[in-house]
Amino acid sequence: MKTNKIVLTNQTWVRLRRASQIVFFLLFIWLFLKAEYVGREVLYWPVDLFFRFDPLILAAHLLNFSPWVAGLMWSLVFVGLTLILGRFFCGWVCPLGTTLDCTRRLLFSPRPDRGVAARWRRGKYYLLIGLLVSTLFSLNLVGLFDPLSLLFRTLAIVFYPAFGYGVEKAGLTLYRLGPPFTYVSEPLYQFFKATVLPFRPLVYLLPFFTLVLFALVVAAERVDRRFWCRALCPLGALYGLVARFSLLRRRPTALCPDCGDCTQICKMAAFAPGKPARHLNSECQLCLNCLNQCQKEDRVVFTWRTKAPRAPLDLGRRQVITSVAAGVVAVPLLRLGSLARRPEEHLIRPPGAQDEAAFLSRCIRCGECMKVCLTNGLQPVLWEAGLEGFYTSRLIPRLGYCAYSCNLCGQVCPTGAIPHLPLAEKQAQVLGTAFINHSRCIPYTEGDDCLVCEEHCPVSPKAITFSEQEVLNRRGEKVKVKLPLVLPDRCIGCGHCEHVCPVGGEAAIRVKRSLRVEM
């Protein structure tokens, strides 16, 4: 039977692969920028598109028995394509893989691999097993290691705010210098403001920690090419398991006896140890470098059919059992500081996400909700929800309140951890309840009227009213002032009052988790 071969030239296929990487990376960045309030309450672009095509997120979502999210079913398209083409996602689509390829070229000089990633190759499979097993018990930590979440989260918390700050400061500096600098700087600034700059200056918690984690992933490239993909990436491991049965395969299926150049060319070192060193479909990213750089014409080809046996994927029975056990043991250990106790009183979740257990089991820590938040109030959690809640989102009203006319966070959440509620339903959601600290409130401590919190309360009828009473002012005189009161039955905990409170430092009115939420 005649074998079907790739008809385009080898160099053309490599160029197509690089073009595909660039196109998908730019699409990822474009959708990232579109996760932004632009004057309307509805996002017209599917900014969570990449997460919909992530089978790792789908697997975690199904294993923890979360409510059905139809959008995640699109990931089965990539699973199907992997059964045909192999692990092409990692080499042709993945934006983090493209980032690693580019940073390696820019930051590190070419050097032979040290073989560390090859020795750790099975680690990503053990990590995948442990994560999925713990997810079965509703401990969903997949988002901490998912490459799409990792990259989006880093862009949202670190690079995008830093870019906005840099452009703003550079524009202001050049504006102060005046002409002729402003002839160039002002048009450029207006262009950036209209296209890529955020709606408002952004500030996030954990920027340095997030940057360090990302820097470690990039720095691993100095050890071996695509170290993250080869040794740690659980999404790559999942695609690798599927790719073992792909129709498209490399020929020869083992290293040629008179040549071992492919081991130096392949960025994934996709050859099993031993003799003959068989090609591993589970590791091959279809970069096609071996096809392009082979010194023997037509020796390396990719075909649709071959009867040669596939290289076995030997993970080791003991290691697999250990991974399963680790996934089970992680559940009670990580929950000792989270669901085993009541959540911290100022831990305010996004609207519709007040069921703490359900929210933690569905959130993938992608950062979409933080990026799209109109007021910059949604921030990453460090320890406030225990280890299980690391990098989930919370509302910090002092930084930004939950806008009454906004439900964007529910529109962008790919897993329904923050439900997409109609605006009227979202406005009725109780996030918490505001409480007044009489020892810091201006009318109570200084005897002066302050109407700020009542003026900004968005609900109708207002949740903040006044009681006119006599108090002592700073001079010891009795004066009548309006003392603010919070009506708990009306308060939704949006945090607008806390955000605008004129008291320096900690606000005189703060939002706490509502008793109605806990019940």
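In which loop is P180 found?

**Figure 1. The cis peptide bond at P180 in the predicted model.** P180 is found in the loop between α10 (147–177) and α11 (181–195). The bond that joins P179 and P180 is cis, with omega at about 5 degrees. Most residues other than glycine have a negative phi, and most peptide bonds are trans.

**Figure 2. The cis peptide bond at P461.** S460 and P461 are joined by a cis peptide bond, for which omega is about -5 degrees. P461 is placed in the loop between α23 (452–456) and β6 (464–472).

**Figure 3. L206, a residue with positive phi.** L206 sits in the loop between α11 and α12. Its phi is near 65 degrees, a positive value in a residue other than glycine. L206 counts as buried because its relative accessibility is 15%, under the 20% cut-off.

**Figure 4. R226 and its surroundings.** The loop between α12 (207–219) and α13 (227–232) holds R226. R226 is not a glycine, yet has a positive phi of about 50 degrees. With a relative accessible area of 1%, R226 is buried. Leaving aside residues up to four places away in sequence, R226 touches Q21, C90, G97, T98, D101, E221, K267, M268 and Q285.

**Figure 5. Polar partners of the R226 side chain.** One partner is the side chain of Q285, with which the R226 side chain makes a polar contact at 2.8 Å. The R226 side chain also reaches the backbone oxygen of G97, at 3.3 Å.

**Figure 6. Helix α25 and strand β3, the two ends of the confidence range among elements.** Helix α25 (residues 515–518) has the lowest mean pLDDT among the elements of the protein chain, at 50. Strand β3 (residues 378–380) has the highest, at 97. For the whole protein chain the mean pLDDT is 89, and 96% of the residues reach 70 or more. Where pLDDT is low, the predicted coordinates should not be read in detail.

Figure 7. Of the 519 residues, 51% are buried. Among contacts between residues at least 6 apart in sequence, 75% join residues at least 24 apart. The chain exposes about 24,900 Å², of which carbon and sulfur atoms supply 64%. There are 62 positive and 37 negative side chains, and the centres of these two sets lie 13 Å apart.

Definitions and conventions
Residues are numbered from 1 along each chain as its sequence is written. This is a predicted model: local features need pLDDT of at least 70, side-chain atom pairs count only at pLDDT 80 or more; totals for chains, interfaces and linings use all residues. Side-chain values use heavy atoms; hydrogens and water are left out. Buried means under 20% relative accessible area, exposed over 50%, partly exposed in between (1.4 Å probe, protein chains only). Contact means heavy atoms within 4.5 Å. Accessible areas come from the Shrake-Rupley method with a 1.4 Å probe; for residues, only the protein chains shown count as cover. Lys and Arg count as positive and Asp and Glu as negative; His and the chain ends are not counted. The place of a charge is taken as NZ of Lys, CZ of Arg, CG of Asp or CD of Glu. pLDDT is the predictor's confidence in each residue, from 0 to 100. Helices (H or I, at least four residues) and strands (E, at least two) are DSSP runs, numbered from the N terminus. A polar contact is a pair of N or O atoms within 3.5 Å; within protein, one must be able to donate a hydrogen and the other to accept it, and residues adjacent in sequence count only if both atoms are side-chain atoms.
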